[in-house]
Amino acid sequence: MNKRYPYLIIWLVTVFVLWNLAQVSSCNEDHAATLKSPAANDNLVTIDTLKIPHDKFGEAVRYGRALMLRTAYYIGPDGVNGHYTGNKMNCTNCHRDAGTRPYAFNLVNSFKEYPQYRAREGRILSLAERINNCVMRPNLGRPLPLDGREMISIMSYLKWLSDSASVNNHTKGLKNMEVSFPDRAASSDQGEKLYAQHCTRCHGTTGEGQMQFDQVTYAYPPLWGAKAYRQGSSMHRVVKLAQWLVANMPFDKVTHNKPFLTDAEALDLAAFINDDEKHPRPSKGVTEVQYPHADEKAIDYDKGPFNDPFSETQHKYGPYKPIADYWKSKRLKPTY
Ligand code: HEC
Ligand code: HEC
């Protein structure tokens, strides 16, 4: 009898462990339905950070990646390595997973695509200048010195990304998710209702977001107000923001292959978030001329002069189709 005790205990423990495993995997199944990991044949852009080399270059790559993930901690208003960004947002709040996530303003190919002619500035920009645009606009900061450790590290990270990603013509997620334009204008009032339903629980009723307990950065970043991205950021354009929203928000309910918001809802929400009459947003430093050539203006950019007969309001909120059709009839390429 005594000899059998250990076997009984082992048997009981095994049953208990197996039962628990069954519970865990059934939870995981539910979870998998919402957080579908990309199947290999999805052809999504992927990256393996374990392959970052262990040498001097790898060190820079790692710091560059850390800067994108914890921007405020390193170079925010109270940054430990310098004070460059003016708010406490991190690059990864928009370029999600440090720029590697599909359809989240992916940066995997950026290193190869610069220097590039930029319509907003009307001139050719280097990648470093483009990075500083984001340091200054969405992050309300002052430019990183071009030869400083921070800029060189971010550039190294972006180079490593572009060298190590296997990208071909069929790779998905490098460009933004397309949204189809409804016949009506995007409605800020509609967006306000959707916001209360789907977004306030994280971003707050006044769009101020929520800080992490240590006050270094946000658990949920701000969408408007003095600490959010400033006017003149690409995010401030309704179509651009909607393209990002359909693939990325609400945070816990969406994947790129299982959108939560319809295209029209994403446009309404973007209209509400970017409605400067309803709520303030930093505007300091936006006096510079953007899109100096009217023929190159993004159609959802709302400051004239325009090369078409449509109003500022229609440029901002749509309907966009008539604008796009007009441009095409003039043999111009509408961008947004
Ligand atoms: C509030 C959102 C937001 C934040 C924060 C932000 N960016 Fe951006 N960034 C954008 C948007 C929008 C674009 C334009 C994307 C597009 O046109 O599809 C962009 C473009 C870029 C590009 C050019 C990509 C290309 O291939 O053309 C780089 C590089 C970049 N950002 C780097 C950064 C870095 C580094 C930080 C942090 C210091 C940062 N961004 C913070 C929104 C943001
Ligand atoms: C469960 C919490 C949660 C919900 C709900 C949620 N968000 Fe977010 N949101 C986040 C987090 C977290 C981030 C930062 C993402 C990251 O760092 O990867 C974010 C980032 C953003 C950003 C880009 C960064 C910025 O501050 O400009 C926008 C825009 C945004 N959310 C809009 C929305 C909208 C619109 C909704 C409702 C449809 C929504 N979110 C619902 C958690 C949430």
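Reader: By class, what residues does the shell around ligand 1 have?
Author: This is a predicted model. In it, the shell around ligand 1 has 13 nonpolar, seven polar and three charged residues.

Reader: Which of them come nearest to ligand 1?
Author: Of the 23 residues around ligand 1, the nearest are Cys91, Cys94, Ser110, Cys134 and Ser234. Helix 5 and helix 6 are the elements that give two or more residues to this shell.

Reader: And which helix gives the largest share of the shell around ligand 1?
Author: Helix 6 does, with four residues.

Reader: OK, ligand 2. Which residues are closest to that one?
Author: Cys199, Cys202, Pro221, Met249 and Phe251 are the closest of the 21 residues that surround ligand 2. The largest share of its shell, three residues, comes from helix 9 (residues 200-203).

Reader: What about classes for the shell around ligand 2?
Author: The shell around ligand 2 has 14 nonpolar, four polar and three charged residues.

Reader: And where does ligand 2 lie?
Author: Ligand 2 lies between domain 1 (49-164) and domain 2 (188-329), since both domains give residues to the shell around it.

Reader: Back to helix 6. Why is it called largely enclosed?
Author: Seven of the 10 residues of helix 6 are buried, so the rest of the structure largely encloses it. Those seven are Leu127, Ala128, Ile131, Asn132, Cys134, Val135 and Met136.

Reader: What do the buried residues of helix 6 pack against?
Author: They pack against helix 5 and helix 7.

Reader: How many residues does helix 7 have, then?
Author: Helix 7 (residues 149-164) has 16 residues. From its first C-alpha to its last it reaches 22 Å, close to the 22 Å expected at 1.5 Å a residue.

Reader: Which residues of helix 7 are buried?
Author: The buried ones are Glu150, Met151, Ser153, Ile154, Met155, Ser156, Tyr157, Leu158, Trp160 and Leu161. They pack against helix 2 (56-69), helix 3 (71-75), helix 4 (96-99), helix 5 (110-113) and helix 6 (127-136).

Reader: Switching to cores. How many residues has the largest nonpolar core?
Author: It has 35 residues, and those with the most contacts inside it are Val238, Ala242, Leu245, Ala266 and Ala270. Helix 10 (238-248) and helix 11 (263-273) are the elements that give two or more residues to this core. The largest share, eight residues, comes from helix 10.

Reader: Where does this core lie?
Author: Domain 1 (49-164) and domain 2 (188-329) both give residues to this core, so it lies between them.

Reader: What does Ala266 touch?
Author: Leaving out residues up to four places away in sequence, Ala266 touches Val179, Ala242, Leu245, Val246 and Leu261. There is also a second, separate core of 28 residues, which includes Ile47, Ile52, Ile154 and Leu158.

Reader: Where is Ala186?
Author: Ala186 is in the loop between helix 7 and helix 8 (188-198).

Reader: Buried or exposed? Ala186, I mean.
Author: Ala186 counts as buried, because it has 28 C-beta neighbours inside 10 Å. Not counting residues up to four places away in sequence, Ala186 touches Val238, Leu267, Asp268, Ala270, Ala271, Tyr317 and Gly318. Ala186 and Ala271 are 85 residues apart along the chain, with their C-alpha atoms separated by 6.0 Å.

Reader: Which peptide bonds are cis?
Author: The bond from Met249 to Pro250 is cis, with omega near -5°. The one from Gly304 to Pro305 is cis too, with omega near 0°. Pro250 lies in the loop between helix 10 and helix 11, and Pro305 in the loop between helix 11 and helix 12 (312-317).

Reader: What is the phi of Tyr103?
Author: The phi of Tyr103 is positive, about 60°, although Tyr103 is not a glycine. Most residues other than glycine have a negative phi. Tyr103 lies in the loop between helix 4 and helix 5 and is buried, with 24 other C-beta atoms within 10 Å.

Reader: And Tyr291, what is its phi near?
Author: Phi of Tyr291 is near 50°, again a positive value in a residue other than glycine. Tyr291 is partly exposed, with 18 other C-beta atoms within 10 Å.

Methods. Residues are numbered from 1 along each chain as its sequence is written. Chains are lettered from A and ligands numbered from 1 in the order in which they are written. This is a predicted model: local features need pLDDT of at least 70, side-chain atom pairs count only at pLDDT 80 or more; totals for chains, interfaces and linings use all residues. The expected span of a helix is 1.5 Å times one less than its number of residues. A residue is buried if 20 or more other C-beta atoms lie within 10 Å of its own, exposed if 12 or fewer, and partly exposed in between; C-beta atoms are placed from the backbone. Two residues are in contact if their C-beta atoms, placed from the backbone, lie within 7 Å. A residue is near a molecule or strand if its C-beta atom, placed from the backbone, lies within 6 Å of it. Ala, Val, Leu, Ile, Met, Phe, Trp, Tyr, Cys and Pro count as nonpolar, Asp, Glu, Lys and Arg as charged, and the others, Gly among them, as polar. A nonpolar core is a set of buried Ala, Val, Leu, Ile, Met, Phe, Trp, Tyr and Cys residues joined through C-beta atoms within 7 Å. Domain bounds come from an automatic or database domain assignment.
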